[in-house]
Amino acid sequence: MTAPAAFHELKARLAEISDLSGVSRLLLWDQQTKMPIAGSAARAEQSATVTRLQHELSSADEVGRLLDELTPWAESLDADSDEASVVRVAGRDWEKARRVPAELTAELRREGALGLRVWAEARPRSDFELLRPSLERILELRRRYVDCFEDYDDAYDVLLDDFEPGMKAAEVQAVFDRVKEGLRPLIAAAEPVDDSILHQAFPIEAQERFSHEMLERFGYEEDSWRLDVTAHPFMSNPATTDVRVTTHYHPDSLHSLFSTMHEFGHGVYERDVDPALDRTTLGTGVSLGLHESQSRMWENLVGRGRPFWRFFYPRLQSAFQEQLGSVDEQEFVRAVNRVEPSLIRIDADEVTYSMHVILRFELEQELIEGRLAPRDLPAAWNERMESLLGVTPPTDADGVLQDMHWAGGLVGYFPTYALGSVMSVQIWERMTEDMPDVDAQIERGEFGELRGWLREHLYRHGRKFSPQETLRRAVGGPIDPEPYLRYLAGKHAA
């Protein structure tokens with residue numbers, strides 16, 4: 001069936017929105033990697049302007065008219081077709097965007113950009129009071145954002161929907177209650193492991209070379225990827241052909257290897273979206289939870305697995321002969337899988353990691369509902385750390401200031417990290433059913449079939465389906481924490 005003229009007009013408008021989204025991502029990447037500090041105020045205004053223009057296009061009356069005209073036609077098509085999906089997802093985006101004033105979205109972006117600059121000063125100084133005014137403004141703006149919506153049961157649902165569309169806080173709570181219940185005995189039973197071999201002087205130049213070697217094995221392409229340095233690693237994708245991974249090198253540890261693999265997981269999801277979806281509302285990952293399922297999968301299920309190091313460990317020993325030449329593979333693998341409660345989320349082991357996320361989820365809800373004042377956040381953070389993990393941050397830099405998300409305006413984001421950890425194992429289990437020799441392939445340093453399976457069952461779909469439907473198609477059912485808990489119990493018992 002030939003697409004009507006209105007569909008081509010809609011796609012042209014969606015392409016402009018997509019272009020502005022790419023520009024916005026590029027501005028953020030530059031701010032966190034290359035921009036001079038003095039450019040912060042100007043960058044905040046630039047980011048706000050781009051965000052406002054994008055929102056005005058997204059919520060335009062003309063888009064609504066086109067959607068009204070096209071919906072009956074789209075409903076006559078195969079629901080899985082690109083055309084039907086474009087209209088369906090664009091309709092959801094338009095309905096949501098039109099409820100929010102463009103200036104409010106611009107103000108949120110402006111305050112987020114300014115907040116990141118303040119955070120970059122506050123964390124090294126361990127000065128929460130320096131950041132508190134920015135956090136208070138962001139929370140006020142986020143409450144105004146929630147007020148733009150009326151049909152919700154929980155204010156947090158509105159914020160969560162920006163990152164995990166269609167999921168409710170009550171559903172997250174149910175998953176996290178089971179995760180918390182399952183993790184407590186695993187944490188208590190963890191045996192001490194000496195990981196001092198990971199805390200030596202590791203020259204940064206050698207870390208950089210090894211990170212590139214890993215990525216090239218995964219399928220990193222010089223003409224469409226970058227690897228850069230930042231304070232807090234992230235991935236940005238101005239386009240599917242422009243994927244920007246960042247990491248952070250520590251001169252006294254090898255943590256950069258795992259942050260690099262983590263961000264590659266985000267990048268490969270975006271790189272392998274079907275090119276036919278480029279410059280439409282479908283041409284990106286469907287949710288942050290599924291995104292995190294991939295970053296956690298590549299970091300942990302691949303990168304902390306014994307098959308991975310059977311291939312890479314001799315190469316790592318060669319790169320760091322003085323530090324690791326006398327350390328056998330088994331000792332190294334035990335060290336990188338050590339389980340011990342710690343202060344910093346991004347450095348946490350597989351077992352304790354989700355407790356860090358649950359802490360943030362609980363505090364976010366209290367902040368949004370007004371049950372917790374920002375001035376009391378450091379104390380609440382420390383109390384919750386002691387309750388969940390049995391450790392207390394000695395400074396705010398090791399506690400409430402460690403993440404940049406709240407400073408950047410990302411309230412409602414944190415649950416997706418643990419949701420992604422849960423889903424990563426569901427996807428891995430299904431993939432290994434179809435590819436029973438995947439461990440043998442990884443031992444040979446071969447990742448093409450693994451990446452191909454993920455492309456076929458997850459990456460290529462972009463946003464064609466809801467997160468829930470995307471997961472169902474990949475694994476055959478809804479989110480389920482039991483495979484995740486079984487995996488952790490089995491791996492760490494062994």
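Predicted model: local features only at pLDDT ≥ 70, side-chain atom pairs only at ≥ 80, totals over all residues.

User: Ok, rings with rings now. How many aromatic pairs are there?

Analyst: The count comes to 28 aromatic pairs. One of them is F210 with F312, an edge-to-face pair with 5.9 Å centre to centre and 70° between the planes.

User: Where do F210 and F312 lie?

Analyst: F210 is in helix α9 (residues 204-218) and F312 is in helix α12 (residues 306-319), so the pair ties together parts 102 residues apart in sequence.

User: Is F210 buried or exposed?

Analyst: Buried: F210 has a relative accessible area of 2%. F312 counts as buried too, at 0%. Another pair, F414 and Y417, is tilted, with 6.0 Å between centres and 40° between the planes. Both F414 and Y417 are buried.

User: Back to α9. Which residues of α9 are buried?

Analyst: They're A206, Q207, F210, S211, M214, L215 and F218.

User: What covers them?

Analyst: The cover includes β1 (225-229), α10 (255-271), α11 (288-302), α12 and α19 (448-457).

User: How many residues does α9 have, and what follows it?

Analyst: α9 has 15 residues and reaches 21 Å from first C-alpha to last, close to the 21 Å expected. Next comes G219, with a positive phi near 120°.

Notes
Residues numbered from 1 in each chain as written. Heavy atoms only, no water. Phe/Tyr/Trp six-rings, centres within 6.5 Å; stacked < 30°, edge-to-face > 60°. Helix = DSSP H or I, 4+ residues; strand = E, 2+ residues; numbered from the N terminus. Buried < 20%, exposed > 50% of the residue type's maximum accessible area, 1.4 Å probe, protein only. Expected span 1.5 Å × (residues − 1). Contact = heavy atoms within 4.5 Å.
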